Amino acid sequence: MRATQVRINTANLRHNLHCVAQAAPGCRTLAVIKANGYGHGLLRCAHALSAADAFAVASCGEAIALRNAGIEQPILLLEGFFAADELAAIVQRRLDIVVHHLSQIALLEKFSADHAIHVWLKIDSGMHRLGFLPAQVKAAWQRLRACSCVAPNIRLLTHLACADNPGSDATLQQLDCFDRVAAALPRSEQSIANSAALLAWPQSHRDWLRPGLMLYGASPFSFPGASDHPFDSALAQRQPSPLTQQLKPVMTFTSNVIAIKHLQKGDKIGYDGSWRCPEAMPVAIVAAGYGDGYPRHASAGTPVLLNGQRTALIGRVSMDMLCIDLRSQPGARLGDPVTLWGEGLPVEEVARHAGTIPYELLCGITSRVDVVECS
Ligand SMILES: Cc1ncc(COP(=O)(O)O)c(C=O)c1O
């Protein structure tokens with residue numbers, strides 16, 4: 001058996017949800033479990049996060065899987081629906097929808113249902129991804145309000161583009177835009193904060209929080225190139241915030257040593273031979289590669305834990321294997337355990353070395369990797 005596996009610690013998932021409640025007491029939580037629970041397992045996350053007030057997913061298929069598994073909390077479709085034929089399932093499964101586009105309103109106007117759909121009207125406050133521009137919001141709200149299939153208490157949400165950058169004023173501008181638009185409508189429930197906003201922008205907390213990444217124990221502030229960022233000093237003050245430090249990793253990605261080599265100074269390692277041994281040295285080959293979800297772009301020097309001690313990736317990552325430097329552990333043996341990220345090695349750190357973000361690494365574990373749940 002190949003030893004490559006991920007361990008999912010559901011007790012840590014519950015702990016992180018508790019951290020959310022501590023950061024924003026009195027708010028309700030829409031736990032974001034889209035993309036297979038950020039790679040941790042959709043149903044596993046929903047069951048472990050049973051204390052969440054509601055769940056948010058990206059597709060009707062994910063929501064139906066949750067309902068079929070007996071999940072009873074409200075479920076919000078963050079992109080709403082894509083075609084008219086989804087509406088019957090939305091009503092039947094009691095799903096809540098984001099409405100972000102006129103085409104969706106046109107379909108709702110033609111639809112009738114025996115019980116009303118709860119709608120979140122999405123305002124584009126500056127991210128310019130989904131949502132109605134400020135000038136369009138009032139008319140969209142009025143048309144929705146007139147739809148017989150839409151529940152009367154239309155809620156409002158927006159998404160922040162730069163909440164992970166505590167030094168940027170883009171978040172204040174977005175909040176101001178959202179508040180001006182909301183002020184022109186009857187008071188309704190609101191949701192703005194993703195993980196970064198929840199941790200860094202208390203004024204964004206409102207009625208409902210929408211945390212994703214922090215539930216899985218990763219900090220949203222460790223974006224790639226953080227150390228080169230113009231707002232790095234502000235980032236340094238905020239990161240890690242006391243609460244960020246309390247988060248516990250949920251996924252631990254592990255494998256083991258399957259070969260050991262003793263190489264000479266100048267020997268090349270891996271595809272294209274771009275990494276050369278600076279001296280005679282032992283090297284270990286580990287059974288994990290990009291075919292498992294380890295990032296191929298991780299650079300030499302990316303930290304790896306061998307027997308719980310830090311060492312470094314060397315050479316190119318292959319599909320099924322990667323190589324690590326054994327100079328600090330010349331006594332390492334075949335079968336010794338390796339942690340690629342998770343407990344003892346933050347996924348944010350590996351992501352930074354690979355020029356990506358923790359979200360991508362967590363979502364990218366492939367189906368051939370065994371998943372073991374612990375609590
Ligand atoms: C609309 C929306 N809300 C909330 C989230 C959760 O964000 P995060 O994982 O950064 O907390 C996402 C994630 O992409 C999202 O798209």
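**View 1. Leu17 and its surroundings.** Leaving aside neighbours within four places in sequence, Leu17 is in contact with Ala31, Leu49, Ala51, Ala52 and Leu215. Two residues are in contact if their C-beta atoms, placed from the backbone, lie within 7 Å. Leu17 lies in helix H1, residues 10-23. Helices (H or I, at least four residues) and strands (E, at least two) are DSSP runs, numbered from the N terminus. Is Leu17 buried or exposed? Leu17 counts as buried because it has 20 C-beta neighbours inside 10 Å. The cut-offs are these: a residue is buried if 20 or more other C-beta atoms lie within 10 Å of its own, exposed if 12 or fewer, and partly exposed in between, with C-beta atoms placed from the backbone. Tyr216 is 199 residues away from Leu17 along the chain, and the C-alpha atoms of the two are separated by 9.0 Å.

**How to read the views.** Residues are numbered from 1 along each chain as its sequence is written. The model is predicted: local features need pLDDT of at least 70, side-chain atom pairs count only at pLDDT 80 or more, and totals for chains, interfaces and linings use all residues.

**View 2. The two domains.** The domain assignment gives domain 1 (10-231) and domain 2 (251-374). Domain bounds come from an automatic or database domain assignment. The C-alpha centres of domain 1 and domain 2 lie 36 Å apart. Where they touch, 15 residues of domain 1 are in contact with 16 residues of domain 2. On the domain 1 side, the touching residues divide into eight nonpolar, six polar and one charged. Here Ala, Val, Leu, Ile, Met, Phe, Trp, Tyr, Cys and Pro count as nonpolar, Asp, Glu, Lys and Arg as charged, and the others, Gly among them, as polar.

**View 3. The largest nonpolar core.** This core has 110 residues. Those with the most contacts inside it are Phe55, Leu77, Leu121, Leu144 and Ile324. The core draws at least three residues from each of domain 1 and domain 2. A nonpolar core is a set of buried Ala, Val, Leu, Ile, Met, Phe, Trp, Tyr and Cys residues joined through C-beta atoms within 7 Å. Which residues does Leu121 touch? Not counting residues up to four places away in sequence, Leu121 touches Val99, Ala140, Trp141, Leu144, Ile154 and Leu156.

**View 4. The ligand shell.** Val32, Leu78, His159, Asn194, Ser195, Ala196, Arg210, Pro211, Gly212, Leu213 and Pro220 surround the ligand. A residue is near a molecule or strand if its C-beta atom, placed from the backbone, lies within 6 Å of it. The shell divides into six nonpolar, four polar and one charged.

View 5. Start with strand E13 (residues 281-286), which pairs with strand E10 (residues 251-263) in the antiparallel sense over six bridges. Two strands pair if DSSP finds at least two bridges between them. Val257 has Val286 of E13 as its bridge partner. E13 also pairs with strand E16 (residues 322-325), in the antiparallel sense over four bridges. Val283 is partnered by Asp325 of E16, and Ile285 by Cys323 of E16. Strand E15 pairs with E16 too, antiparallel over two bridges. There, Leu313 has Ile324 of E16 as its bridge partner. Both faces of E16 are covered: Leu322 and Ile324 on one side, Cys323 and Asp325 on the other, are all buried.

**View 6. Strand E18 in the open.** Why does E18 (residues 370-374) lie largely in the open? Of its five residues, the number buried is zero, so E18 lies largely in the open. Strand E1 (residues 5-9) pairs with E18 in the parallel sense over five bridges. Ile8 stands opposite Glu373 in E18.

View 7. Asn36 is not a glycine, yet its phi is positive, about 55 degrees. Asn36 is found in helix H2, residues 34-38. With 18 C-beta neighbours inside 10 Å, Asn36 counts as partly exposed. Asn307 also is not a glycine and has a positive phi, about 50 degrees. Asn307 is found in the loop between strand E14 (303-306) and strand E15 (309-314). Asn307 counts as partly exposed because it has 14 C-beta neighbours inside 10 Å.
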